[in-house]
Amino acid sequence: MPDLQFKVEAAEPMRNAASPQIAFKVRITNADQQEPIHSIALRCQVQIEPVRRRYTREEQEHLVELLGEPERWSDTLRPLLWANVNVSVPAFTGETVVEVPVPCTFDFNVAVTKYVYRLQDGEIPTSLLFSGTVFHAGRTGLQIAQIPWDREATYRLPVRTWKDMMDAYYGNTAWLCLRRDVFERLCEYKSQHGIPTWEQTVERMLAEAAEVKS
């Protein structure tokens with residue numbers, strides 16, 4: 001039975017992808033270097049582990065909405081689910097390197113986006129949890145085995161890698177998802193005041209709110 005180990009060697013944005021994706025380059029090594037592996041139907045769950053990094057005071061203040069008060073982080077921080085990915089690994093003997101493409105979103109309703117956006121620099125502590133089915137050569141022909149649930153790998157992804165990729169796709173913009181009834185009210189406000197752009201609409205509303213507050 002194959003005894004597979006996993007290690008993340010690098011991660012970088014996928015070139016020419018239709019949407020932002022980061023490719024984790026994963027080395028898969030079989031303990032039996034002579035055993036032929038026909039293929040692997042690999043499943044990978046990618047998580048971010050906020051507890052595994054230090055935060056500046058400014059980062060702590062910006063992350064309160066998502067993570068709660070910093071004084072309680074040692075007890076309350078939990079992994080953030082990034083993505084579940086399926087990868088087909090072709091035949092190999094001994095070891096191979098495969099790309100695990102992980103989609104990235106600029107949707108600020110998603111916890112991972114909120115988290116990374118608020119980081120100033122440093123690294124994003126990630127964990128990749130592996131499972132799946134291995135098709136390999138046995139004494140009686142093709143054999144099937146399951147990857148144990150304890151197989152995982154960690155990687156510290158530079159924050160700059162994520163942010164540079166998002167800048168390349170979206171430039172100096174951000175995306176918000178609104179309920180349709182809220183969007184209709186915003187449209188009506190924009191039309192009533194004859195405001196030409198959405199940016200100017202929001203800027204005017206913020207200015208009015210600041211005047212009321214003062």
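# Working chat: residues and overall shape

User: Hi! Is V159 buried or exposed?

Analyst: V159 is buried, at 0% relative accessibility. Buried stands for under 20% relative accessible area, exposed for over 50%, and partly exposed for what lies in between, using a 1.4 Å probe and protein chains only.

User: Before we go on, what kind of model is this?

Analyst: It is a predicted model, where local features need pLDDT of at least 70 and side-chain atom pairs count only at pLDDT 80 or more, while totals for chains, interfaces and linings use all residues. Residues are numbered from 1 along each chain as its sequence is written, and side-chain values use heavy atoms, with hydrogens and water left out.

User: Thanks! Back to V159: which helix is it in, and what does it touch?

Analyst: V159 belongs to helix α5, residues 159-170. Helices are DSSP runs of H or I with at least four residues, strands are E runs of at least two, and both are numbered from the N terminus. Not counting residues up to four places away in sequence, V159 touches R53, L119, D121, G122, E123 and I124. Contact here means heavy atoms within 4.5 Å.

User: Let's zoom out. How many helices and strands does the protein have?

Analyst: It has seven helices and nine strands. The radius of gyration is 23 Å, well over the 17 Å that the globule rule gives for 214 residues, so the protein is more spread out than a compact globule. That radius is taken over C-alpha atoms, and the rule is 2.2 Å times the number of residues to the power 0.38. Along the principal axes, the C-alpha atoms fill a box of roughly 80 × 40 × 30 Å.

User: What share of the residues is buried?

Analyst: Buried residues are 36% of the 214. As for contacts between residues at least 6 apart in sequence, 71% of them join residues at least 24 apart.

User: New topic: where is E35, and is it buried or exposed?

Analyst: E35 is in the loop between β2 (21-30) and β3 (36-48), and it is buried, with a relative accessible area of 10%. Its side chain makes a polar contact of 2.9 Å with the side chain of N30. A polar contact is a pair of N or O atoms within 3.5 Å; within protein, one must be able to donate a hydrogen and the other to accept it, and residues adjacent in sequence count only if both atoms are side-chain atoms. Beyond its neighbours within four places in sequence, E35 has contacts that include M1, F92 and H136.

User: Last one: what is the phi of N16?

Analyst: Phi of N16 is near 60 degrees, a positive value in a residue other than glycine. N16 is in the loop between β1 (4-13) and β2, and is exposed, with a relative accessible area of 82%.
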